[in-house]
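Open the model in your viewer and keep the selection tool ready. The tour goes from stop to stop, saying at each one what to select and what is found there.

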Amino acid sequence: MDLNLSDEQRLLRESAERFVTESYDADHRRKMANDALGYSPDVWKQFAELGWLALPIAEDFGGLGGSAVEIGILMEAFGRGLVSEPYVATIVLGAALIDRCGSAAQKQAILPKVADGSLKLAFAHSERAARFDLARVAATANRTAQGWRLAGSKIAVLDGHAADEIIVSALIHDHHGPSGRIGLFLVPATAPGLSISDYARLGGGRACNIELSDVQVPDDALLGDGHDALPAIEWAVDRAMAALGAEAVGIMQTLLDTTLEYTKIRKQFGRPLSANQVIRHRLADMAMQVDEARSMALRAALKVESPPLDRARAASGAKAKIGKCARFVGEQSIQLHGGMGVTEELEVGAYFKRLVAFDTLFGGSAHHYARHARLGRTSVSA
Amino acid sequence: MDLTFNAEERAFQSEVRGFIARNLTEEMKRATALTPSVFSDPDIGMAWQRALHRQGWGAPGWPVEYGGPDWTPAQRWIFETESARAGVPNVNVMGVKMVGPVIIGFGSPEQKNFYLPRILSGEDYWCQGYSEPGSGSDLSSLKTRAVRDGDDYIINGTKIWTTHAHHANRMFALVRTSDGERQQDGISFILIDMTTPGITTRPILTIGGDHEVNQVFFDDVRVPVANRVGDEDKGWTYGKYLLEFERGSGIASAKLREGLKAIAELAESDLTGRAIDSPDIASRISEVEVDIDALEMTELRVLSALQTGQNPGAVSSILKLRNSEIRQAVTRLGVDVIGHDALAVEPMRPLYKLNHEPATPEDMLTVVPEYLNGRAYTIFGGTSEIQRDIIAKMMLGI
């Protein structure tokens, strides 16, 4: 049992924090907020040079073989800078799904390019009617003479506009009809019949809705051999929630630091706000919740490769708890900044909005406490 | 980074399990489960202390030269966790965890030689004389006074909330020996024999129906000056040192988990009409479980820092605050889970020696008293409000 950072991990944290401080300042964030792409290709190139894109990819495919803990270290620093590059979409979700489900040939074709920054991915899974239920997929994949024909609608696809290849989930229909299995299909962003409507995502970056109107893809677009992909999807989303949790911790820490500074400087009734006990106690509560969130994000990361039940409960517990902490820390940061906190003139609002987006992504606290409870009862009765 | 234990640590875990299996009797286990107050009754707690002492484990936190077992932080974690899982009795923490470290840190050689072995063996039973009717959170305003008379102090005043004063043969107390410029000055740390003439103890019943705390009165109580720990008028420093031990023993999550498990089992039982089938109850159980997970991770992070000699700092206040709040959440949930049975509160004590059939099933007997008594968790050892002051000052610098 040892939860101290290794030397390598400490170096990674230092370099990520240095990058954010030096290259990702408020001006850069403001520029990105109004940018049609929502991220900077130059920054993506730097990520590649720093080895961050290769970080979790297996060494056989040009990666560094890092774990969820290292991703968390990186994501926490990204949170501090409100980084909007498509890291979760391409690396945490996309590359992980290829690694888990893809054939050797598919991995060889895709992962080295992801690692060197020349290929970006996205994962199109959520559908309006499914809400946050990962098992509910209505999009279909029908067997054709040439391969597969995909049809359906996807929503809230993270950074789909930036992707070269989109991993689309669909219910496999073979010669006998619906199979009950979910397949993952690699669809080029330029495929005929695929239409992407992207929008500025709450809190920075972009997302999109996707329509698939009889999109034809070849045989080998199906990742792996057509086994039900649901367990892999659940694993990848649990992993993404751990990474996003770490990002939320970075965001919360920045909000706490900023708010603390403000309450020391801002004077009312002839003394700093922080001279009031009610303000000091609020900040103490915020500090405590940041610390609890940090513990939960680390816990979820350390359990990403645990048996599915353990992993899923850790991920849902972290998502629910961090979401609750995030709302509190975010809302109180605005409250303690007073009127200025509600304006676009300070960055508090931008950080807060990213936390609201975090809480919503893949289901909010209520959803994940309920999932945690359901999985707990499975373990009791099993 | 690694959340699992290595081979050596797992071997130690088996050793602890073996020790508990050999020494924890069914009677002790049942008595502990049926104790709704914070501390075990002395006959139960001290029997366990004696067993620990025979094994050389009587004082896990003490240095080796005073009889500590020289455990790593990870071993202490394993010991506390296995103890909580098995449901062992509480020992006299006022001795082992509070006055012991102060005597080790600041006591004279004679005091160390006399008192420490008696704490280890369970021969002495200690109580803590800190709070007074007029001095709660503002502890250093205390007024119980010790006036020098030759080789003795003559003590007059009163202490309150004194846990197990009615069982204890010794008390450590903060008393005023002079009036300094600041109210923290002029306080001394004194060890008092509870059989000294002039000491009277008045019981105070808590809202859960338990007699755990008392008020203690001192009328011209004569205590040798040799019973003072450290320097005269410097007792506040020693007293604060002790409070850090009281707040941050640092390993509380395992006990909380056992408490929640008992509530979850009730919720899954027909006795409560399967309360867990209510989605609200199920989600709330998960919410508390996740809070315990977070506390456990924080404890493990602190332990990891301690292993490499880092100082965890004000985090002991965070641990105390979260432990007390989560404990209250567990007991609150318990009351909601047992439903109708929350109306029938058994007044007889101890609950493990009832001479009549209680109105509720035995597994529910402690639920309401624990909730009621548990309101004290956010009050004793420094209220939550004081802990938030400490966090703001020490962690945030405001």
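Begin in chain B by selecting strand β2 (residues 145-149) and strand β3 (residues 152-160), which pair in the antiparallel sense over 5 bridges. The model is a predicted one. Pick Arg145(B) and look across to β3(B), where its bridge partner is Asn156(B). The two strands form a hairpin with 2 residues between them, and in this hairpin Gly150(B) takes a positive phi near 65°.

To find one of the paired positions, select Lys159(B), whose bridge partner in β7(B) is Val216(B).

**A strand in chain A**

Now move to chain A and select strand β1 (residues 121-124). In a regular strand the side chains alternate between the two faces of the sheet.

β1(A) and β4(A) run parallel and are joined by 4 bridges.

Most residues other than glycine have a negative phi, and most peptide bonds are trans.

Select Arg131(A), where phi is near 50°, a positive value in a residue other than glycine. Arg131(A) is in the loop between β1 and β2 (140-143) of chain A. Is Arg131(A) buried or exposed? It has 10 other C-beta atoms within 10 Å, and a residue with 12 or fewer counts as exposed, so Arg131(A) is exposed.

Next select Phe362(A), which also has a positive phi, near 60°. Its place is the loop between α10 (348-360) and α11 of chain A. Phe362(A) has 21 C-beta neighbours inside 10 Å; the cut-off for a buried residue is 20 or more, so Phe362(A) counts as buried.

Pro350(B) is found in the loop between α10 (315-338) and α11 (367-373) of chain B.

**Domains of chain A**

Colour chain A by its domains: domain 1 (7-120), domain 2 (122-221) and domain 3 (230-381). The C-alpha centres of domain 1 and domain 3 of chain A are separated by 22 Å. Where these domains meet, 20 residues of domain 1 are in contact with 25 residues of domain 3. On the domain 1 side, the elements giving two or more residues are α2 (26-33), α4 (68-81) and α5 (87-101) of chain A. Select α4(A) to see the largest share of that side, 10 residues. By class, this side of domain 1 of chain A has 14 nonpolar, 2 polar and 4 charged residues.

**Domains of chain B**

**Where the chains meet**

Finally, show both chains together. The contact between them takes 30 residues from chain A and 33 residues from chain B. On the side of chain A, select α7 (230-265), α8 (277-302), α9 (308-337) and α11 (365-381), the elements that give two or more residues each. α8(A) gives the most, 13 residues. The side of chain A that touches chain B divides into 16 nonpolar, 7 polar and 7 charged residues.

For the last stop, select α9(A) and helix α9 (residues 279-307) of chain B. Their axes come within 10 Å and cross at roughly 90°, so the two helices are roughly perpendicular to each other. The contact is made by Gly317(A), Ala320(A) and Lys321(A) of α9(A) and Val290(B), Asp293(B) and Ala294(B) of α9(B). These residues divide into 3 nonpolar, 1 polar and 2 charged.

Methods:
Residues are numbered from 1 along each chain as its sequence is written. Chains are lettered from A and ligands numbered from 1 in the order in which they are written. This is a predicted model: local features need pLDDT of at least 70, side-chain atom pairs count only at pLDDT 80 or more; totals for chains, interfaces and linings use all residues. Two residues are in contact if their C-beta atoms, placed from the backbone, lie within 7 Å. Ala, Val, Leu, Ile, Met, Phe, Trp, Tyr, Cys and Pro count as nonpolar, Asp, Glu, Lys and Arg as charged, and the others, Gly among them, as polar. Axes are lines fitted to C-alpha atoms, for helices over the stretch in contact, and angles run from 0 to 180 degrees between N-to-C directions. Angles under 35 degrees count as roughly parallel, over 145 as roughly antiparallel, 65 to 115 as roughly perpendicular and the rest as oblique. Two strands pair if DSSP finds at least two bridges between them. Domain bounds come from an automatic or database domain assignment.
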